[in-house]
Amino acid sequence: MNSTMDEINLLRQAQRHHMVVRGIGEEIDLEIGPGDDDPSFSRTTLVGVHAQESTAPGEKEDHKQLLLASQAPNEGQQELVKLPQAKRKKKVVKKWREEWADTYKWAYVDSVDGMNRIFCSVCRQYGRKHRRNPYGNEGSRNMQMSALEEHNNSLLHKEALRLKMASKDKGLPAAERPVYVKALMLKSAGSILESILRRDPHEVEFIQYVQDVVHSLEPVLVKNSQYVHILERLLEPERAIVFRVPWVDDRGERHVNRGFRVQFSQVLGPCRGGLRFHPSMNLSIAKFLGFEQTMKNALSPYKLGGAAGGSDFDPKGKSETEIMRFCQSFINELYRYLGPEQDLPAEDMGVGPREMGYLFGQYRRIVGLFQILLLCLCREVFTGPKIFWSGSSLRTEATGYGLVFFARLILAETNKELKGLRCVVSGAGKIAMHVLEKLLSCGAMPITISDSKGYLLDEDGFDYVKFSLLRDIKAQQRSLRDYLKSYAQAKYVEDAKPWNEQCDIAFPCASQNEIDQPDAIALVSSGCHIVIEGSNMPCTPQAIDVLRKAKVLVAPAKAASAGGVAVGELELNHEYNLMQWSAESLENKLQDAMKQTYHRSLKAAADYGFLKDSPEALVHGGNICAFLNLAQAMIDQGCT
């Protein structure tokens with residue numbers, strides 16, 4: 001009965017939106033040839049209805065009447081039908097078979113270049129991108145098979161659909177975590193993506209990042225087919241460690257979490273990458289972050305590999321002793337894979353100086369039992385601030401400052417500067433706070449900051465006094481709402497993101513996929529013309545498409561947030577330990593490193609046909625430059 005009511009609601013919705021609902025056995029027209037669209041089929045949205053096996057006789061009759069009910073066309077539609085149609089090459093009349101109900105449930109109609117096309121709701125593609133014309137079978141030997149029917153039988157679509165269904169884990173419906181499969185021009189690039197989809201169909205975040213990289217590398221693969229095999233090897237991590245982390249809370253109850261460390265590539269040097277403690281952490285995110293860190297390190301002038309890891313442990317709401325016990329248990333398993341010449345963990349979401357201190361303390365305690373010599377090197381293994389670095393305070397600010405320096409480089413190309421520009425910042429962690437601080441020193445006007453429950457807006461902009469208050473609020477782990485007690489003119493917007501606010505530049509610094517398609521549309525509408533990525537992969541593929549079409553320049557995280565890599569390498573430099581450079585000297589070196597990264601990305605983009613003024617130049621150039629550095633090292637070292 002519930003399913004029948006769902007169908008009734010679906011039909012009512014279809015009638016409200018002028019959709020055509022086709023019953024089982026109803027004839028439809030499939031046209032062959034460009035532009036031969038049947039108004040009753042291709043110019044309307046298709047809604048498939050499943051046949052019910054167990055239904056009462058009365059309900060069956062009502063159901064049959066509903067299925068056979070057709071909507072009368074309105075005046076606009078009648079005029080459209082009367083328009084003269086181009087001569088059709090061939091017309092194929094087919095029955096709306098029962099299995100098509102499920103096929104076309106995933107279809108929708110949209111307009112492209114003034115022509116209606118039937119799209120797949122899973123991968124958002126149509127027509128020849130899946131080897132068929134959307135209205136028929138142009139170029140196909142099998143003239144009796146529809147476009148979507150064949151597409152839905154393709155391996156790529158089946159794997160994408162499997163991913164869509166798998167995304168229902170964590171209690172999220174599939175519609176909230178769509179799988180977006182990009183169309184690739186090269187067959188070799190498509191085969192690489194298909195192999196990833198076949199091997200790791202549930203790793204949504206990793207597949208999303210791989211698609212972005214492969215899309216950028218298509219012109220590279222065209223020029224040198226040898227790189228196809230290099231890329232296939234690169235996309236498989238060198239080592240992925242998954243382990244249990246048992247710990248005991250303050251009440252004596254036992255808990256078990258899962259730990260991860262993905263050492264993605266050591267071809268350029270020892271791994272370096274963050275540790276993230278967050279409930280959403282899984283192997284897919286660890287692989288995506290490890291690959292991103294590998295590309296980021298390869299783009300920098302320093303010889304470092306890439307890694308990432310963490311746990312699904314949530315530090316929020318835990319006592320100091322509970323966090324300490326967890327960190328000690330975590331490192332008890334991971335320590336054997338760490339070392340100054342193997343892997344150098346750093347901070348990420350949920351891991352700060354406190355957690356790094358606990359991790360290092362247990363690491364020192366363990367390795368001291370085996371080899372005293374390692375004690376002098378342990379300070380180089382854990383690269384957290386305050387504890388093991390006494391020469392400068394710039395270490396914690398490096399990533400946030402670097403983002404602002406990168407924005408200045410972009411603006412300088414058009415003889416502009418940050419002074420007076422309205423800037424929207426998301427997040428309230430270390431990166432976001434240091435972005436705010438450096439924006440103030442450059443004369444910009446940051447107006448927002450956000451957390452998991454909403455965002456804080458101050459239309460007058462933050463100043464140094466307000467920034468000091470925000471820093472105290474975060475240090476005391478208080479809510480951003482407390483800011484309103486001192487500045488009543490500000491407002492805190494619940495369950496929302498700051499992308500609707502009028503701005504010139506956006507700095508997403510919260511987490512991956514924080515900007516989706518509606519957010520990107522809101523950014524464009526708000527006047528934003530530059531997006532500086534502070535977090536890794538903050539935009540969904542659909543959001544990237546919107547920003548690209550609107551000519552919004554996107555500075556990728558692998559280039560814009562490379563400041564932490566640059567200063568981290570200086571920290572590990574023995575000459576630095578002896579010289580103890582001042583904060584000003586280090587800031588100058590940070591600016592030089594960001595400038596090198598910026599120009600290296602633009603040069604790689606230009607070498608492979610991307611114009612400097614293109615909003616995608618930095619994205620593609622960063623991916624190309626990083627990959628070429630990795631590929632050359634992999635070629636030199638052989639098949640390892």
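Contact here means heavy atoms within 4.5 Å. The model is predicted: local features need pLDDT of at least 70, side-chain atom pairs count only at pLDDT 80 or more, and totals for chains, interfaces and linings use all residues. Residues are numbered from 1 along each chain as its sequence is written, and side-chain values use heavy atoms, with hydrogens and water left out.

**View 1. Gln293 and its contacts.** Gln293 touches Arg272, Gly273, Gly306, Ala307 and Val565, leaving aside residues up to four places away in sequence. Gln293 sits in helix 10 (residues 283-299). Helices (H or I, at least four residues) and strands (E, at least two) are DSSP runs, numbered from the N terminus. Is Gln293 buried or exposed? Gln293 counts as buried because its relative accessibility is 13%. Buried means under 20% relative accessible area, exposed over 50%, and partly exposed in between (1.4 Å probe, protein chains only).

**View 2. Helix 14 against helix 15.** The axes of helix 14 (residues 398-412) and helix 15 (residues 430-441) come within 7 Å and cross at roughly 50 degrees. Axes are lines fitted to C-alpha atoms, for helices over the stretch in contact, and angles run from 0 to 180 degrees between N-to-C directions. The pair is therefore oblique (under 35 degrees is roughly parallel, over 145 roughly antiparallel, 65 to 115 roughly perpendicular, the rest oblique). Helix 14 contributes Thr399, Gly400, Tyr401, Leu403, Val404 and Phe405 to the contact, and helix 15 contributes Ile431, His434, Val435, Glu437, Lys438 and Leu439. By class, this contact of helix 14 with helix 15 holds 7 nonpolar, 3 polar and 2 charged residues. Ala, Val, Leu, Ile, Met, Phe, Trp, Tyr, Cys and Pro count as nonpolar, Asp, Glu, Lys and Arg as charged, and the others, Gly among them, as polar.

**View 3. Helix 14 against helix 23.** The axes of helix 14 and helix 23 (residues 583-607) come within 9 Å and cross at roughly 55 degrees. Helix 14 and helix 23 are therefore oblique to each other. From helix 14, Ala398, Tyr401, Gly402, Phe405, Phe406, Arg408, Leu409 and Ile410 meet Glu587, Leu590, Gln591, Met594, Lys595 and Tyr598 of helix 23. The contact of helix 14 with helix 23 divides into 9 nonpolar, 2 polar and 3 charged residues.

**View 4. The buried side of helix 18.** Asp519, Ala520, Ala522 and Leu523 are the buried residues of helix 18 (residues 517-525). They lie on the same side of helix 18 because they cover an arc of only 160 degrees around the axis. Their cover includes strand 17 (505-507), strand 18 (530-532) and helix 19 (541-549). Exposed Pro518 and Ser525 are on the face turned away from the buried side of helix 18.

Technical notes. Arc of directions from axis to C-beta.
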